[in-house]
Amino acid sequence: MYYRIIRNDISKSKLITLTTTIFVTAAVMLVSLPAILVVNLSGAKVVMDGNSLADRLITPLEDLKQTDRQ
C-alpha cells in the first residue's frame, strides 16, 4: 500500500521528486566528504625537522613509499 502511494506521488510530481533527490544527494556528499578527510588525516603523522617551515604532514601512503625505499 505504501509502495503504491509513493509510486503515485512520484509519477504525479516528477520535478519535485528530482529536486528533492538532488538536495538529499548533495547533503549526503557534504556530510561524507569531511568524514573521509578526517579519517585520512587521523592516520597521518607530522615530521618535525626542527625548522618550523620544514615541518610537514606525511600521509600513510607517503609513509609506505618511504619505507619501501629504505
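Guide: Confidence is lowest in strand S1 (residues 45-47), with a mean of 61, and highest in H2, at 91; the score here is pLDDT, the predictor's confidence in each residue, from 0 to 100. This is a predicted model, in which local features need pLDDT of at least 70 and side-chain atom pairs count only at pLDDT 80 or more, while totals for chains, interfaces and linings use all residues. Residues are numbered from 1 along each chain as its sequence is written, and side-chain values use heavy atoms, with hydrogens and water left out. The protein's average pLDDT is 79, and 63% of the residues score at least 70. Where pLDDT is low, the predicted coordinates should not be read in detail.

The protein has three helices and two strands, in the order α-α-β-β-α along the sequence. Helices (H or I, at least four residues) and strands (E, at least two) are DSSP runs, numbered from the N terminus.

Is Ser-13 buried or exposed? Ser-13 is buried, because its relative accessible area is 18%, and buried means under 20%, exposed over 50%, partly exposed in between (1.4 Å probe, protein chains only). Of the protein's 70 residues, 4% count as buried. A polar atom of the Ser-13 side chain lies 2.8 Å from the backbone oxygen of Asp-9.

For contrast, take Met-1, in the segment before H1: Met-1 counts as exposed because its relative accessibility is 75%.

Terms used
A polar contact is a pair of N or O atoms within 3.5 Å; within protein, one must be able to donate a hydrogen and the other to accept it, and residues adjacent in sequence count only if both atoms are side-chain atoms.
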